[in-house]
Amino acid sequence: MRLNGKVAIISGAASGMGAATARMFAREGAKVVIADLLEHEGRQVAASIGDAARFERLDVTNEENWEAVVAATTRHFGKLDILVNNAGVSGSAEQDLYSTEAWHRIMGINATGVFLGIKYAIPAMKAAGGGSIVNLSSIAGIIGSVGIHMAYNASKAAVRLMTKTVAVQHAEDGIRANSVHPGIMPAMRTSGRTAEPAVRAQRMNVIPMRRPGEVDEVAYAILFLASDESSYITGSEIHVDGGAIAI
Ligand code: NAD
């Protein structure tokens, strides 16, 4: 098994790609903490996995929450090897693309939330002798987007660069950090315009593979970066986008 004996926290694991990743990690031998705001859904995902999973309530914007989730993880599973910063919100439901409120909210969850996760995971990973951090960015963190609040692009670009800084600053601690950049996937819970069938069909035209990705196609990339198979890979990024930004 590819993650035998590893302990992971996955933020936003109550749905979508986070839930798919949690299930895959558990199948590969990891103990997994499902950390999310959504208690009901998060507990269901944990229950469907069994003893290898626990739910912990987490608002990624809340520093005390992060401290508590990392402490609960090391208390119950003994250590922390892997952090997947996956929780996020879309920028495509905003009517006002210049809303300052939306800027602060999206940056707070997607960028500050990732910073805080890194901040509290690093000491636990040092204590474990090393670790792997996988951050969910997006192709929207590399290229501009039509019809979404620019805070989404800015936050995902921040995630991409925070990843590289962690890689550089913590290589000597045995901690690796890499980012994953999905393209068009099943819509997020918070998607607006980009979830509309007509808009999705139009976006499909610019994807060389002419189809959306599936959640497990992203989870496999996360699995590789989380596992020791990627032991010499840090500060790197994987695009899981059907060739969208290769054009
Ligand atoms: P999703 O909406 O299904 O899941 C996001 C999860 O994050 C939810 O369970 C939600 O409750 C949780 N979350 C939101 N705010 C939170 C907070 N403050 N604290 C804790 N948890 C919170 O979305 P998804 O498609 O699974 O997206 C996962 C990640 O992938 C996100 O970071 C997203 O930006 C990124 N991404 C998604 C797509 C896509 O098209 N779906 C494309 C590129 C990148």
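Which helices each supply at least two residues of the shell around the ligand? They are helix H1 (16-27) and helix H5 (150-170). Helices are DSSP runs of H or I with at least four residues, numbered from the N terminus.

This is a predicted model: local features need pLDDT of at least 70, side-chain atom pairs count only at pLDDT 80 or more, and totals for chains, interfaces and linings use all residues. Residues are numbered from 1 along each chain as its sequence is written, and side-chain values use heavy atoms, with hydrogens and water left out.

**Ligand shell**

- The ligand is surrounded by 26 residues. A residue is near a molecule if one of its heavy atoms lies within 4 Å of it.
- Asp36, Asn86, Tyr152, Lys156 and Arg189 are the closest.
- By class, the shell holds 14 nonpolar, eight polar and four charged residues. Ala, Val, Leu, Ile, Met, Phe, Trp, Tyr, Cys and Pro count as nonpolar; Asp, Glu, Lys and Arg count as charged; the others, Gly among them, count as polar.

- A polar contact is a pair of N or O atoms within 3.5 Å. Within protein, one atom must be able to donate a hydrogen and the other to accept it, and residues adjacent in sequence count only if both atoms are side-chain atoms.
- Aspartate 36 places a side-chain N or O atom 2.6 Å from a ligand oxygen.
- Methionine 17 has a polar backbone atom 2.9 Å from an oxygen of the ligand.
- For methionine 185, a backbone N or O atom is 3.5 Å from a ligand oxygen.
- On its own, the ligand has 830 Å² of accessible area, and the protein covers 93% of this. Accessible areas come from the Shrake-Rupley method with a 1.4 Å probe; for residues, only the protein chains shown count as cover.

**Helix H1**

- Threonine 21 sits in helix H1. A polar atom of its side chain is 2.7 Å from the backbone oxygen of methionine 17.
- Threonine 21 counts as buried because its relative accessibility is 1%. Buried means under 20% relative accessible area, exposed over 50%, and partly exposed in between (1.4 Å probe, protein chains only).
- Alanine 19 is also placed in helix H1. With 5% relative accessibility, alanine 19 counts as buried.
- Alanine 19 and histidine 40 are 21 residues apart in sequence, and their C-alpha atoms are 13 Å apart.

- One cavity of 30 Å³ or more is present. On a 1 Å grid over the protein atoms alone, a cavity is a set of points where a 1.4 Å probe fits but cannot get out; a pocket is an open set with protein on both sides within 12 Å along at least five of seven lines; lining residues have an atom within 4 Å of a point.
- The largest cavity has a volume of about 30 Å³. Grid points are joined across faces, edges and corners, and a volume is the space filled by probe spheres set on the points.
- Its lining includes Trp66, Asn85 and Asn86. The lining has five nonpolar, four polar and no charged residues.
- Helix H4 (residues 100-128) gives the most to this lining, with three residues.
- Asparagine 110 is in helix H4. It counts as buried, at 0% relative accessibility.

**Second largest pocket**

- The second largest pocket has a volume of about 170 Å³.
- Among its lining residues are Lys6, Asp81, Arg176 and Asp228.
- Its lining has two nonpolar, six polar and four charged residues.
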